[in-house]
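I opened this structure to look up a few places in turn. My notes follow.

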Amino acid sequence: MTYNYHAHTWRCSHASGTEEAYIQRAISCGVTHMGFSDHIPHRFPDGYESYFRIPEAQVADYFATISALREKYRGQINLKIGFEMEYYPRYFREMLRRALDWGCEYLILGQHFIGNEHPSGVYTGADNSSEADLREYVSCVLAAMETGVFTYVAHPDIFRFRGDMTVYRREMRKLCAAARECQIPLEINFLGIREGRHYPYVPFWQLAGEEGAPVTFGFDSHDVTAAYDGKSLGKAEEMVREYNLNYIGRPECKRPSL
């Protein structure tokens, strides 16, 4: 695997190691295309800033650091600077505009919350048997795809539904079919593999295979070792074969626009 567009930095408060160490690890393992996509800053109207995002005060350093490393390692690796971002209907255009103002080169969709997150949003990774919440999750992802600004959907199977599987399959089939129609890749997330999380979720990937949705891989690196994750790569490749997935390899980075 020669690419990874899903890597975080220490600024999000749940990752460790320097960007340069990530880059050196990636290069040593044969990665030729890499992107940093830390969680986009966002300050809500009441002043609240999410605990898992880059603080706004550190955005300039984020871009300056990676830009300098891009020059240092030019010819060895192609580096891009982006964000992982949710689709919040209330705040989407504001978040996108600010991402562009900061110089964002690509976005990946990571829908960690529904209900605009704050003050009463629902975390998508928690056990949830609400069919209404599942439908809202799918609706948000579909709306995000239709904007055309996202390079791919990170961990599309993050919603931890514990209700009627007939409903789950119906809703997630819509998501997979839309990914095929919009040609937006769905990511098999390696963090989920290496930590034994509830994703990758087999019923989701069975649907993705049936629908022929484009599929890509992402290390979701939060430390230096995970800047290349060969062990999880083997398991992801097994999934591709087992579920007849439409694996496209390295996705094309989309430069977002308003």
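I start with a term: a residue counts as buried when its relative accessible area is under 20%. I also note that this is a predicted model.

**Entry 1: Leu107**

I looked up Leu107 and found it in strand β4, which covers residues 107-109. Its relative accessibility is 0%, so I put Leu107 down as buried. I then listed its contacts, leaving aside neighbours within four places in sequence. Leu107 is in contact with Phe83, Met85, Leu96, Val149, Phe150, Thr151, Tyr152, Lys254 and Pro256. I also checked Leu107 against Gly35: the two are 72 residues apart in sequence, and their C-alpha atoms are 10.0 Å apart in space.

**Entry 2: Ile81**

Next I went to strand β3, residues 78-85, where Ile81 is placed. Is Ile81 buried or exposed? Ile81 has 1% relative accessibility, so it counts as buried. Not counting residues up to four places away in sequence, Ile81 touches Phe36, Tyr62, Phe63, Ile66, Ser67, Arg70, Cys104, Glu105 and Tyr106. From Ile81 to Arg250 I noted 169 residues in sequence and 16 Å in space, C-alpha to C-alpha.

Helix α1 (residues 19-28) and helix α2 (residues 59-72) pack at an angle of about 35 degrees, and their axes are 10 Å apart. The crossing of α1 past α2 is right-handed.

**Entry 3: cysteines**

A disulfide is a covalent bond between the sulfur atoms of two cysteines. To count one, I needed the two sulfur atoms within 2.5 Å.

I checked two cysteines to see why. For Cys12, the closest cysteine sulfur is in Cys104, at 16 Å, which is too far for a bond. For Cys104, the closest cysteine sulfur is in Cys253, at 9.7 Å, and that is also too far for a bond. Cys12 is buried, at 0% relative accessibility. Cys104 is buried as well, with a relative accessible area of 2%.

**Entry 4: backbone exceptions**

Most residues other than glycine have a negative phi, and most peptide bonds are trans. I looked for places that depart from this.

Ser13 is not a glycine, yet it has a positive phi of about 75 degrees. Ser13 lies in the loop between β1 (3-4) and α1. At 61% relative accessibility, Ser13 counts as exposed.

Asn116 is not a glycine either, and its phi is positive, at about 60 degrees. I found Asn116 in the loop between β5 and β6. Is Asn116 buried or exposed? Asn116 has a relative accessible area of 11%, so it is buried.

For the peptide bonds, I noted that the one from His118 to Pro119 is cis, with omega near 10 degrees. Pro119 is in the loop between β5 (113-114) and β6 (122-123). A cis peptide bond also joins Tyr199 and Pro200, with omega at about 0 degrees. Pro200 sits in the loop between α6 (190-195) and α7 (202-211).

**Entry 5: Glu117**

I stayed in the loop between β5 and β6, where Glu117 is placed. Glu117 counts as buried because its relative accessibility is 7%. Which side chain does the side chain of Glu117 meet in a polar contact of 2.7 Å? The partner is Tyr88. Not counting residues up to four places away in sequence, Glu117 touches Phe44, Tyr48, Ser50, Phe52, Arg53 and Tyr88.

**Entry 6: Asn189**

My last stop was Asn189, in strand β8 (residues 186-189). Asn189 has 1% relative accessibility and so counts as buried. The side chains of Asn189 and Glu187 are joined by a polar contact of 2.9 Å. Leaving out residues up to four places away in sequence, Asn189 touches His6, His155, Tyr199, Pro200, Gly218 and Asp220. Two of these, Tyr199 and Pro200, I had already noted for their cis peptide bond.

Key. Residues are numbered from 1 along each chain as its sequence is written. This is a predicted model: local features need pLDDT of at least 70, side-chain atom pairs count only at pLDDT 80 or more; totals for chains, interfaces and linings use all residues. Side-chain values use heavy atoms; hydrogens and water are left out. Axes are lines fitted to C-alpha atoms, for helices over the stretch in contact, and angles run from 0 to 180 degrees between N-to-C directions. Helices (H or I, at least four residues) and strands (E, at least two) are DSSP runs, numbered from the N terminus. A crossing is left-handed if the near helix is turned anticlockwise from the far one by less than a right angle, and right-handed if clockwise. Buried means under 20% relative accessible area, exposed over 50%, partly exposed in between (1.4 Å probe, protein chains only). A polar contact is a pair of N or O atoms within 3.5 Å; within protein, one must be able to donate a hydrogen and the other to accept it, and residues adjacent in sequence count only if both atoms are side-chain atoms. Contact means heavy atoms within 4.5 Å.
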